[in-house]
Amino acid sequence: MIDRRTLLAGLAAGAATAAAKPAAAQGWKAAYPELVLAVVPAENASGVTDRWAPFTQYLSNKLGTKVTLRVANDYAAVIEGQRAGNIHIGYYGPASFARALLTGVKTTAFVIDVNSDGSKGYYSVFYVKADSPYKTIEDLKGKNLGLVDPNSTSGYNMPLFALDKKGINAEQYFNKVLVTGSHENAVLALWQGTVETCANWWNAPDDSNLTRMLKKGMIKTADGKQATLEDFRIILKSDLIINSPTAMLESLPPDLQETIKKAFFDAPKSAPEAFARLSDGKNKPWEPITNADYEDTIRLVRFVDSLRKA
């Protein structure tokens, strides 16, 4: 039998617990009047801003604190920003996230991109121009190769791994290996003739960096006509790569971490237009992910490191 004193004590405890939640929220808001969301430069800065700005505004509204979007100059900037604690939430590529973990950054992956067919992976492909004579990688010995960034999975690490599986050392095989800095720059280097082949990311025939560039009218012929998908040819496709993670600092208060997770998982319904813009409407809602899911990518990065040392 519960007496009046016990009942009142229980009610008081419940009230204290309920009051603690908003108090905790106010606590982290005081400590974090601004949160920084950084994104790796998969495309040019204006393209990244246009893609992520509506979602950043949604996060600000959902979290009740200012969220600032930072477009990183390169992949390493997200790694070093999280290491320094200046970037609270980072959208990585798989290899750059693996590099962050390998170098001791205290960050935790919590969501992964999901493709339209429900898969959670993508590919690295080697493009050539369709009017070129090159049909295979073997046709390109002594030519120029365009890569993206040393911390790019599909634009650097996986291409080198795919070449090694064919017994090809890129630095010895090609006349020049050009690091272009972004996926868009790599395609433009190919289009302009600076390189004869380039590596890039590819999800599906209708979803790749190339299709997004074509949709934005970024590639034109000498007479000003828009280029088409038929102007390019894929000559090599890699093994499947796990999709990109979004990760937050381990040091964030637990209540804030849970609030951030909920905001991401709620986004497809709470902010459908902002969510759709992130992938041009191609992706399904995020799914949970952990650091352990990137162990294979860590092994890939270590392998590429060994190639560099060799």
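1. Glycine 167 counts as exposed, at 68% relative accessibility (exposed means over 50% relative accessible area, buried under 20%, and partly exposed in between, with a 1.4 Å probe and protein chains only). This glycine sits in the loop between H5 and helix H6 (170–173). Helices here are DSSP runs of H or I with at least four residues, strands are runs of E with at least two, and both are numbered from the N terminus. From glycine 167 to glutamate 287 there are 120 residues in sequence and 37 Å in space, C-alpha to C-alpha.

2. The model is predicted: local features need pLDDT of at least 70, side-chain atom pairs count only at pLDDT 80 or more, and totals for chains, interfaces and linings use all residues. Residues are numbered from 1 along each chain as its sequence is written, and side-chain values use heavy atoms, with hydrogens and water left out.

3. Lysine 166 is also in the loop between H5 and H6. Its relative accessible area is 40%, so lysine 166 is partly exposed. Leaving out residues up to four places away in sequence, lysine 166 touches Glu138 and Leu236, where a contact means heavy atoms within 4.5 Å. Lysine 166 and glutamate 138 are 28 residues apart in sequence, and their C-alpha atoms are 9.5 Å apart.

4. On the whole chain: the protein chain has eleven helices and 13 strands. Its C-alpha trace spans about 90 × 45 × 35 Å along the principal axes. Of the 310 residues in the protein chain, 48% are buried. Among contacts in the protein chain with a separation of 6 or more, 76% are between residues 24 or more positions apart.

5. The protein chain has 36 positive and 33 negative side chains, and the centres of the two sets lie 3 Å apart. Lys and Arg count as positive and Asp and Glu as negative, while His and the chain ends are not counted. The place of a charge is taken as NZ of Lys, CZ of Arg, CG of Asp or CD of Glu.

6. How many cavities of 30 Å³ or more are there? The count comes to one. On a 1 Å grid over the protein atoms alone, a cavity is a set of points where a 1.4 Å probe fits but cannot get out; a pocket is an open set with protein on both sides within 12 Å along at least five of seven lines; lining residues have an atom within 4 Å of a point. Grid points are joined across faces, edges and corners, and a volume is the space filled by probe spheres set on the points.

7. The largest cavity holds about 550 Å³ of space. Its lining has 33 residues, of which Tyr91, Asp113, Trp201, Arg212 and Ser244 lie nearest the centre of the cavity. Elements that each supply at least two residues of this lining include helix H5 (153–165) and strand E8 (197–204). Helix H2 gives the most, with three residues.

8. The largest pocket has a volume of about 250 Å³. Two or more lining residues come from each of H5, strand E11 (241–242) and helix H11 (295–309). H11 has the largest share, with four residues. Among the residues that line the largest pocket are Lys120, Met158, Ile241 and Arg299.

9. Is helix H4 (residues 94–102) largely enclosed or largely open? Seven of the nine residues of H4 are buried, so H4 is largely enclosed by the rest of the structure. Phe97 and Arg99 are among the buried residues of H4. Just after H4, glycine 104 takes a positive phi of about 90 degrees.

10. Aspartate 280 has a positive phi, near 55 degrees, in a residue other than glycine. This aspartate lies in the loop between helix H10 (272–277) and E13. Aspartate 280 is partly exposed, at a relative accessible area of 30%.

11. Proline 54 is placed in helix H2 and is partly exposed, at 27% relative accessibility. Not counting residues up to four places away in sequence, proline 54 touches Ala274 and Arg277. Proline 54 and threonine 107 are 53 residues apart in sequence and 24 Å apart in space, C-alpha to C-alpha.
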